[in-house]
Amino acid sequence: MTRNLGISAGSATTLSAELIAAGFLREVEGLTREAGRGRPPVALEVVPDARLVIGIKLSDALHTAVLTDFAGTVLANASQPTPDHRKSVENILTEVSDLIAALLANADRSLSEVSAIGAGLSGLIDHNTGMVLWSPLLDQRDLPLGPALQQRFGLPVFLDNDANMLTLAELWFGAGRARSDFAVVTIEEGVGMGVVLGNRLFRGSRGIGLELGHTKVQLDGALCRCGQRGCLEAYVADYALAREAATALGRNAHNLQSASVMLDKLFAQAKAGNVSARTIFRRAGRYLSLGLANVVQLFDPELIILSGERMQYDYLYAEEVMAEMRALILADGREPCPVEIHAWGDLVWARGASALALSAVTDMALGEGWAG
Ligand SMILES: [Zn+2]
C-alpha cells in the first residue's frame with residue numbers, strides 16, 4: 001500500500017487510522033504479526049458495507065446503472081433503452097429516475113441507503129462543477145446536469161466524461177491496477193481518451209479532461225461535429241465512417257440509415273471483399289495510428305488500452321495499423337508501447353462511474369482529497 005501510494009509509512013499509518021475510524025477499513029483478523037523494527041505490517045481490508053453507491057453510463061441508445069458496495073463489488077445492475085435524439089435536462093432527469101428505480105428494485109434496496117451517484121456521458125463535462133458544456137446527448141450547451149441530478153435525488157452527484165469513467169474502471173478494477181501510467185482511448189460515437197499519470201486520472205487544470213478526438217490531424221481537413229476542421233474524430237468516429245459508407249454502399253441521402261446500422265453493413269461488405277468498403281476502414285485505421293503515435297510521444301504511457309463499441313471492427317487495430325503507429329514514434333531504442341484491445345460492455349463503464357462516486361465518498365469522509 002505504502003509503495004503504491006508513493007507516501008511514507010508514517011503517512012500511511014495515519015491515513016489507515018483515519019479510514020479505520022471512519023469505518024471504511026478494518027484489520028484482518030487471524031494473521032500473525034511479524035516481530036521486528038518499527039510497526040508490524042498489518043493486513044487491512046475494505047469494509048464492503050460501509051457505503052453503497054450508484055454508477056451510471058448515459059448513452060444515446062441505452063442507459064446503464066450499477067449498484068456497488070464500498071469494495072466496488074457490483075450488487076445489482078439495470079439498463080433502460082432510450083430514444084436516440086437530443087434531450088432536455090428534464091428528459092434526462094426522468095430517464096435517470098426510471099433507471100435508478102429499476103436498479104434499486106433489482107437490488108431490493110432503497111435510495112436512502114445510497115451515499116452518492118457517479119455518472120458519465122460523452123462530451124465536454126466540467127467535473128468540478130457538474131456542468132455539461134456540450135454533449136451529443138443534450139439539446140443545449142452549458143447545462144447544470146450535475147446540480148440538477150443532485151437536487152432530484154438529494155445525494156451528492158459526480159459527473160465525468162465517459163472516457164474518464166472507463167479509465168477509472170481500468171485503474172480500479174482492470175489492467176490499470178498494475179500500472180501507474182497508462183492511456184485509454186475510446187472509439188464510440190466519438191473518440192475519447194483518459195490518461196492516468198502517477199496512479200491518478202489526469203483531468204487537466206480545468207477539470208474537463210483531454211480531447212484526443214479534437215486534436216488536429218489535417219489542416220483544413222474534414223468537417224468535425226465540433227464545428228472545426230481536421231479533427232481526428234472527423235476521420236475515425238462513427239459519423240465520419242458513415243459519411244463515406246453512404247457512397248460505398250450506393251445509398252442516396254434520402255434513405256440514410258442510422259450510423260451503426262450502416263457501419264455494420266459496411267463492415268460486412270469489407271469482410272466480403274468490397275474494395276471501397278475496405279478503403280474506408282483502412283483510412284480510418286491510418287488516422288487512428290497517427291492519433292495513437294501522438295499519445296505515445298506526449299505521455300509516454302506504459303500501455304494504451306483501446307476500447308469502445310467500434311473495437312468490433314478489427315480493421316481499426318489491424319497489424320498494419322499498429323505497425324504504422326510504431327513507425328511514427330521515435331523509438332529511442334526502447335520497447336514499443338503495447339496496445340491492448342478491451343471490448344467492454346456498458347456495465348464496465350458504469351462500474352467506472354461507481355469508482356468516481358466511491359472515491360468522492362472517501363474524500364468527503366476524510367475531508368480532503370487523496371483517493372483516485
Ligand atoms: Zn472536432
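Is glutamate 244 buried, partly exposed or exposed, and what is its relative accessible area? Glutamate 244 is partly exposed, at 31% (buried means under 20% relative accessible area, exposed over 50%, partly exposed in between, with a 1.4 Å probe and protein chains only).

This is a predicted model, in which local features need pLDDT of at least 70 and side-chain atom pairs count only at pLDDT 80 or more, while totals for chains, interfaces and linings use all residues. Residues are numbered from 1 along each chain as its sequence is written, and side-chain values use heavy atoms, without hydrogens and water.

View 1. His214 (ND1), Cys224 (SG), Cys226 (SG) and Cys231 (SG) coordinate the zinc ion at 2.0 to 2.3 Å (donors are N, O and S atoms within 2.8 Å of the metal, or 3.2 Å for Na, K and Ca; water is not among the atoms, so sites may look incomplete). The arrangement is tetrahedral because the 4 donor atoms subtend angles of 103 to 119° (four donors count as tetrahedral if all angles lie between 85 and 135 degrees). Along the sequence, the spacing of the donor residues is H-x9-C-x1-C-x4-C. Histidine 214 and cysteine 231 both lie in the loop between strand E12 (200–202) and helix H6 (233–236), so the pair ties together parts 17 residues apart in sequence (helices, H or I, of at least four residues and strands, E, of at least two are DSSP runs, numbered from the N terminus). Both of these residues are buried.

**View 2. Lysine 57 and aspartate 346.** These two side chains meet in a salt bridge, 3.4 Å from N to O (a side-chain nitrogen of Lys or Arg within 4 Å of a carboxyl oxygen of Asp or Glu). Lysine 57 belongs to strand E3 (residues 52–57) and aspartate 346 to helix H11 (residues 346–366), so the pair ties together parts that are 289 residues apart in sequence. Lysine 57 and aspartate 346 are buried.

**View 3. Arginine 283 and glutamate 244.** The closest N and O atoms of this salt bridge are 3.5 Å apart. Arginine 283 sits in helix H9 (residues 275–299) and glutamate 244 in helix H7 (residues 238–248), 39 residues apart. Arginine 283 is partly exposed, at 34% relative accessibility.

**View 4. Glutamate 320 and arginine 282.** A salt bridge of 3.8 Å, N to O, joins these side chains. It links helix H10 (residues 319–327), which holds glutamate 320, with helix H9, which holds arginine 282. Salt bridges that share partners join Arg282, Arg286, Glu320 and Glu324 into one network.

How values were computed: Four donors count as tetrahedral if all angles lie between 85 and 135 degrees; four count as square planar and six as octahedral if opposite donors are over 155 degrees apart and all others between 65 and 115; anything else is irregular.
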